[in-house]
Amino acid sequence: MPLALALLLAAKPVWTEAPLAKDRPTGPPNSISALAKSSMPAVVGIVATTARGSGNDPFREFLERMYGQGGGGPSEAPVRGIGTGFFIRGDGLIATNGHVIEGATDITVQVGEEERLYRGTLVGHDDATDLALLKIEGVKPFPVLPMGESERLEVGEWVVAIGNPFGLSRSVTTGIVSFKGRRDVNPSGRPGYYDFIQTDAAINPGNSGGPLLDSRGAVVGINAAVNPSGQGIGFAIPVEQLREVAPQLAARGHVVRSYMGVSVQESMSADLAESFGVPGGKGVVITEVSEDGPAERAGLKAGDVVTSFEGEPTVESYRLRWLTARSAPGKRVHIGFWRSGKALEVAVVLLEKPSSPYEPPQRVPGLRREQEPFGFAVEEPPKDDGDRGVGMRVSSIDLRSCAYRAGLREGDLIVEVDGQAVVDKAAYRKVISSPGSVSRLYVRRGGKAMFFGLRRELPMVSRAPSGTSEDAAR
């Protein structure tokens, strides 16, 4: 690892340490409501959007069912994903799932009980673990959740999940750990390092990226997937994986991994172990060795059974891949293996794993000028419209805006703003230029009248995280 990167990683911890009880009970706490109340402020909602998209997006359709008909036309940014995240550092650093923000050109983060909206910046993501870091700027410090110990979890231990299932924000569910080390599922369908915690705490679409907490309120997992064919079966990424990858994501935006240049068999039966003559029947069988790779240079061959990596026994193929990947490129590691009835050891110099070139997060503008400061644009009704001279019609609305979240829709007629009539565009512009952080809109929709309270949104653009140079972010 370059010295500059090592100094950067050491200079600023990725996780702000929060108070944590030393005792770690495995049963439910005395008060579930107290745990939820203390943890909820650090959990955020995430809405990821694309610049343009199809009109049949399921999340958009869900929002329309929940919050009313209408919405932006085809030029507006449709909702691409609804998810959850949580603060891991007081300066606004947020952990979530990679698939929550995949393909997003704009990310909106909802914070606190009032769901205050912030523009989120993608700091980095890692496809192999389905983890990502976001950053928002605002009044600091933000509340954080303490980091727990997923390796100490026990099957049957009580856990709680917090998130936004189907957009239903700030939802809390409880359950137990049903299984640990679930590696025989692959929700993304892509190669990766999967070591899921299985739980029967209800996890649904929208929970992704939210915290799985132990009875102390410490994060032990990041909720990631739901089994669509069953009930009471959800999966969470162990927090230890976040602990491993977050420093590199925060420093450079992606994760550098090592490789040995071998293919291995997923499991070894007792009969196969006996045929190799491996003592105890434990090890990982090498099936192929890459030409001129680190393993071949060190003398490893197909049929060798790897029994240890740097002194740690290798019982599972997953563990060998993970230990190799997390080691620094250029590191000399000692591999214990079994060949022809003999226990041998060899030193292998690992190399950086080839990967696609890293593309930094795309910079996108905030609200269009004509949509400031609330996130929607207006126009006068047509001359032959009976509402001509009565108010201003909402002509377009940004689906990321607080106005859309509050329930305003394209086609609504704005009659008054802060008690002042808006009979034309000049009157509308005059009244919205008045000082004040919140405005009250009196609106007509069909035969119904209603009020909306909207907070003014400043034009925001994505920025590199505070304290991180542009070069480091790349």
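Visitor: Is S208 buried or exposed, and what is its relative accessible area?

Guide: A residue counts as buried under 20% relative accessible area, as exposed over 50%, and as partly exposed in between, with a 1.4 Å probe and protein chains only. S208 is buried, as its relative accessible area is 12%. Please keep in mind that this is a predicted model, in which local features need pLDDT of at least 70, side-chain atom pairs count only at pLDDT 80 or more, and totals for chains, interfaces and linings use all residues. Residues are numbered from 1 along each chain as its sequence is written, and side-chain values use heavy atoms, with hydrogens and water left out.

Visitor: Where in the chain is S208 placed, and which residues is S208 in contact with, leaving aside its neighbours within four places in sequence?

Guide: Helices (H or I, at least four residues) and strands (E, at least two) are DSSP runs, numbered from the N terminus, and S208 sits in the loop that leads from strand 9 (196-199) to strand 10 (211-213). Contact means heavy atoms within 4.5 Å; apart from neighbours within four places in sequence, S208 is in contact with G83, T84, T96, N97, H99, V100, N223 and A224. The side chain of S208 also reaches the backbone oxygen of A224 at 3.5 Å.

Visitor: How should I read a sheet, and which strands close into a barrel here?

Guide: Two strands pair if DSSP finds at least two bridges between them. In a regular strand the side chains alternate between the two faces of the sheet. Here six strands close into a barrel in the order 7-8-9-12-11-10, with antiparallel pairing. Direction ignored, neighbouring strands of this sheet are turned by 45 degrees against each other on average. Strand 7 (residues 158-163) and strand 8 (residues 171-182) are joined by six bridges, and V159 has G175 in strand 8 as its bridge partner.

Visitor: Which strands does helix 2 lie across, and which of its residues are buried?

Guide: Axes are lines fitted to C-alpha atoms, for helices over the stretch in contact, and angles run from 0 to 180 degrees between N-to-C directions. Helix 2 (residues 32-39) lies across strand 7, strand 8 and strand 10, and runs at about 40 degrees to strand 7. In helix 2, L35, A36 and S39 are buried. Seen down the axis of helix 2, these buried residues fall within an arc of 95 degrees, so they line one face of the helix; the arc is that of the directions from the helix axis to the C-beta atoms. Their cover includes strand 1 (43-49), strand 7, strand 8 and strand 10, whereas S33, K37 and S38, on the other side of helix 2, are exposed.

Visitor: Where does D195 lie, and what does its side chain make a polar contact with?

Guide: A polar contact is a pair of N or O atoms within 3.5 Å; within protein, one must be able to donate a hydrogen and the other to accept it, and residues adjacent in sequence count only if both atoms are side-chain atoms. D195 lies in the loop between strand 8 and strand 9, and its side chain makes such a contact with the side chain of R183 (2.8 Å). D195 is buried, with a relative accessible area of 18%.

Visitor: How many helices and strands are in the chain?

Guide: The chain has 11 helices and 26 strands, and buried residues make up 50% of its 474 residues.
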